[in-house]
Amino acid sequence: MSAVGDDHRAFLDATLPYLDVVYQVARHAAGDGQEPEDLVQETYLRAYAAFGSFRGGSMRAWLAAICLNAARSQARRRRARPWEAVARPLPEGVSPARGAEGEAEPDVADVVIAGLDAQAVSRCLAQLPEPQRVCIVLMDVAGYTAREVAELLGCPRSTVLARVHRGRRRLAGLLAGAGVSYGQP
Amino acid sequence: MDSHEAMLAGFLAGDLDPDEARRWDEHLLECERCWRAVREDRACRQAAALLREPAPPGLADRVAFAVELAAAGADGPAARRVRLRAGSSRLARLSAGWRLLAGAGMLAGAVAATLIALLFAGGSGTGRMPAAVAAVARYALAVPSAGREPPPPQNGRSAPAEVGRAVTLTAGGQQIVVRTWLLDGTEVVVAVSGRPFPMPAGALGAAGPGMAWSARLGKLGLYCVNGGTSELVAAPVPAAELAALAARLPPA
């Protein structure tokens, strides 16, 4: 078996264990008209082409960065921003929960899990600003650490944590609104 | 950021040292605002976790196949022949895993390996097989078995039923969308590309826009019509029957 015959096998052995994580990123990075499975395939082809330049560190963070770049490239070709293209309006009758002055806002922890499904959560997530949405997808959906997210986005860890914290807070309001509307008898 | 938010941020980031963590726990017992914030944060993380979905079955095989194609296209004939022995054993494992041919996995692997040898080593005087055509042929050899009953025949003939989903391949710099159909009990692979499929040496017919060619690769028949959108059909039937088979499939 020649070294040339081994290189793609070594690449696949090193990267296929992270396929599931890359798929989580691709599902939320893929724009309209773009299948997540196609984006995953494109990610791995780009990663294979660049495998020689991988200098160590988090392999799964490296793959996520390639996935996000591939999504952006494809979106540019479609003249659409991938994260904004994912955004969908909230269902009618659902609005972010805002308490009147002096009134306690609904507690999202009481309503968010009961009665909400993944589609409703996805719609609320799509309303967040892109930087917050990206960080929440990477950390809370795909399971990356704050340090990995900082590495693949090229920003400080404190910035990632601030985006996640503000994003979760904003998401809490959106989910509470969706939960109250869905939860009403 | 006030002191509450600063401590909350540190707690959520896991950055509190033991003394800070102890003070934070004591603070939570007294501060409704921070306690509520922690609960909300935890609830949002749980809600986001609802969005996790496992990768679909077959995606790993598809990715591995695409990388293998890319690797096969990257080097010259000598390296390709070397990789052929490694690739054929891999394809034999893929074929066995996907139960392409009813029968022993070893037999399927041996047949697949022989056909791949014809594809890449130019056996039987066929010369070099163009990369895009080779990729479609390899896909046709590796496609999973349908595992489903064909739809009931209408007017004495069965209607085509698509198997699985369309797959995008890239070979020889050409992007190809491949779909698999079940027709009269036969799995037919249809590849569509915006560029013509080059005619292999030894094929019958003519290359060029609006022209058709056909070829044989072992038991696999190939039939191609090149045009604005080029279509290459691959199936284990005589090449002479492929044109009629292709005519019964939905338009690309």
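Student: What are the ground rules here?
Tutor: The model is predicted, with local features needing pLDDT of at least 70, side-chain atom pairs counting only at pLDDT 80 or more, and totals for chains, interfaces and linings using all residues. Residues are numbered from 1 along each chain as its sequence is written, chains are lettered from A and ligands numbered from 1 in the order in which they are written, and side-chain values use heavy atoms, leaving out hydrogens and water.

Student: OK. How many helices and strands in chain B?
Tutor: Eight helices and seven strands. These are DSSP runs numbered from the N terminus: helices are H or I, at least four residues, and strands are E, at least two.

Student: What order do the strands take in the sheet?
Tutor: E1-E2-E3-E7-E6-E5-E4 in chain B, an open sheet with antiparallel pairing. Two strands pair if DSSP finds at least two bridges between them.

Student: Which strands are at the edges?
Tutor: E1 (161–171) and E4 (204–205) of chain B; each pairs on one side only.

Student: And how many bridges between E2 and E3?
Tutor: Eight, linking E2 (174–183) and E3 (186–193) of chain B in the antiparallel sense. Val177(B) stands opposite Val192(B) in E3(B).

Student: Which strands does H7 touch?
Tutor: H7 (131–142) of chain B packs on the sheet and touches E1, E2, E3, E5, E6 and E7. Contact means heavy atoms within 4.5 Å. The direction of H7(B) makes about 145° with that of E1(B). Axes are lines fitted to C-alpha atoms, for helices over the stretch in contact, and angles run from 0 to 180 degrees between N-to-C directions.

Student: Switching to H8. Which residues are buried?
Tutor: Ala239(B), Leu242(B), Leu245(B) and Ala246(B). Buried means under 20% relative accessible area, exposed over 50%, partly exposed in between, with a 1.4 Å probe and protein chains only.

Student: Why do they line one face?
Tutor: Because, seen down the axis of H8(B), they fall within an arc of 95°. The arc is that of the directions from the helix axis to the C-beta atoms.

Student: What do they pack against?
Tutor: E2, E3, E5, E6 and E7 of chain B. The face turned away from the buried side of H8(B) carries the exposed Ala240(B), Ala244(B) and Ala247(B).

Student: Last one. At what angle do H1 and H3 cross?
Tutor: Roughly 35°, with the axes of H1 (3–13) and H3 (32–49) of chain B coming within 11 Å.

Student: Which residues meet there?
Tutor: From H1(B), they include Leu8(B) and Phe11(B); from H3(B), Ala37(B) and Val38(B) are among them.
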